[in-house]
Amino acid sequence: MQRLTLISAVMTMVLAQPLQAQTDAPDLSPEPAPAGTSEEAGRLRDAIAQVTTQAAFENGLLRVQPAAAGYRVTFDPTDLLSDALGMELGFAPLSILVSAREDGDWNVFFDDPIEFSYSMEEDGVREEEFYRQDDNRMKGVWSPSLATFLIAEAVAGRAVSRSKYDFQEASTIVDETVTSMETRPGAAGGADIEFRQVSRGYSQSMAMEMPGSPGVPPVSLDFEAVAESIEADGAMSGVQSKALLDLLAFAFANIDVLENGTDAPLDEERSHELVERLRAAMPLWTLVDGGALARGMAVSSSYGNLSIEEAAQTIRMTGITEEALVEMNVVLSGMSVSSPMIPQWSQSLLPNFVEIGLSMTGGDLARPMEITLDELDFSAEQPLSDAAQERIAASFELDRIDVRLTPSRIRAQELDIAFSGDIPFHGNPRDASIAVDASGLDEAIATLQADANADMNALSAVGMMQIAKGMARTRDDGRLEWLVDVGADGSVALNGNVIVQPTPPSGPQSLPVE
């Protein structure tokens, strides 16, 4: 059984590279292990075939061979995918070294470059793709009981991706990526996983030449983005990694049935097994908490340039639970924009700092999923009946969901605007409120007035800002404030004063009596 979970892990790792984190590249080399034997390699192959079927070996997709320190599992999909997809495809074989540990876990080592390419032509349009990642090394310890790596480190050298499709060409280069992860058993079950990844020297470019037509000239567009570094880190608690790997094993074991194209591909027994495996994987995870930070970003195109000293994003979300939560926050600092399309007078209004936050709480995802799993029948022509779909839709209690614009901010040369509030969920007619406060409005108006003689649009902007100032009230700290309340009845109030009356009822009206 350990071999089965190991091989599923190997396949997952190969198909989802890189799984990587760490700021300094670690020194990676395989762990010492006894030499593999042909007899044990055969047993390992048979164990893998229980998941992937013997066809994976017969068509050359997988190979298992004894090595000087364990066993090599080689993944080589070129011939299989070329025939199945009907295209010219190249995929450098990937070889993973595995060896058993005394504690029942497995050492895993990977040191092959990743390279693949394909080309195809359809309706006279040729599509080409190339990817290569040099000096790609990964070392880890796989836990069969948790179905994930207890510890893993990876270093990927220069990665290059190029694509060409019709009138578009694109390329992406990453000089180096270093990754690591650590896992421990979750306090409430599952696995608690921490990860970190650092990429350096990121660049992306795209060129597009759209042909013209009678009366329409051709259009050219070029785009380039660079970043000195991109860092990502996070933690996932309660990940149902073992149950998710069991689902993957089910797919491998039943791939011939799942691909037969019939309306009801599974018999009742296997349908029940799949549903129970899906049920075991719930709630997928307890909490995901992570973020990413890009430094030294710059974007240039035919229309202008944008530079950002730091761009950060955080996300926090629960799994499929009764009290679902999603929180996101984006911060862009040190922004600078230049474009011939932006009028000179508006430069002082362009933001140099942006922070936007959003949260959604209160949604019940567990009940709809429970109904789904109770009603699912993959042996039926329609796995979910119309009645079941109606029950699922009705179980989403929209009035429980709260959407909030968390404290956010936009800063320009002189103007500083902060805002937050509650927003009704789609289809939920509840009251909403937004609080906005600002400083620097007088200074921003003065700057625009100095340019008003050169551009009448600046004068229009001044008028709009003066109107906004007139509708504000001054707080004790001197900042201007606008409190906007929108009622479920369609009314709008600003700082307590109703400026839009409630929407009249749309029901039938009584005719006047003569």
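**Close-up 1. Asp 135 in the loop between E7 and E8.** In this predicted model, Asp 135 lies in the loop between E7 and strand E8 (137-143). Helices (H or I, at least four residues) and strands (E, at least two) are DSSP runs, numbered from the N terminus. Asp 135 has a phi near 45°, a positive value in a residue other than glycine. Its relative accessible area is 48%, so Asp 135 is partly exposed (buried means under 20% relative accessible area, exposed over 50%, partly exposed in between, with a 1.4 Å probe and protein chains only). Residues are numbered from 1 along each chain as its sequence is written. Local features need pLDDT of at least 70, side-chain atom pairs count only at pLDDT 80 or more, totals for chains, interfaces and linings use all residues, and side-chain values use heavy atoms, with hydrogens and water left out.

**Close-up 2. Gly 124 in the loop between E6 and E7.** Gly 124 sits between strand E6 (114-122) and strand E7 (125-133). With 63% relative accessibility, Gly 124 is exposed. From Gly 124 to Asp 166 the C-alpha to C-alpha distance is 9.1 Å, while the two are 42 residues apart in sequence.

**Close-up 3. Pro 283 and Leu 284 in the loop between H7 and E14.** The loop between helix H7 (268-280) and strand E14 (287-301) holds Pro 283 and Leu 284. Met 282 and Pro 283 are joined by a cis peptide bond, with omega about 5°. Leu 284 has a positive phi, near 75°, and is not a glycine. Most residues other than glycine have a negative phi, and most peptide bonds are trans. Leu 284 is partly exposed, at 23% relative accessibility.

**Close-up 4. Helices H10 and H11.** The axes of helix H10 (residues 441-451) and helix H11 (residues 456-470) come within 8 Å and cross at roughly 160° (axes are lines fitted to C-alpha atoms, for helices over the stretch in contact, and angles run from 0 to 180 degrees between N-to-C directions). H10 and H11 are therefore roughly antiparallel (angles over 145 degrees). Contributors to the contact include Leu 441, Ile 445 and Leu 448 of H10 and Ala 458, Val 462 and Met 465 of H11 (contact means heavy atoms within 4.5 Å).

**Close-up 5. Confidence along the chain.** The protein averages a pLDDT of 87 (the predictor's confidence in each residue, from 0 to 100). Over residues 1-23 the pLDDT is below 50. Where pLDDT is low, the predicted coordinates should not be read in detail.

How values were computed
Parallel < 35°, antiparallel > 145°, perpendicular 65-115°, else oblique.
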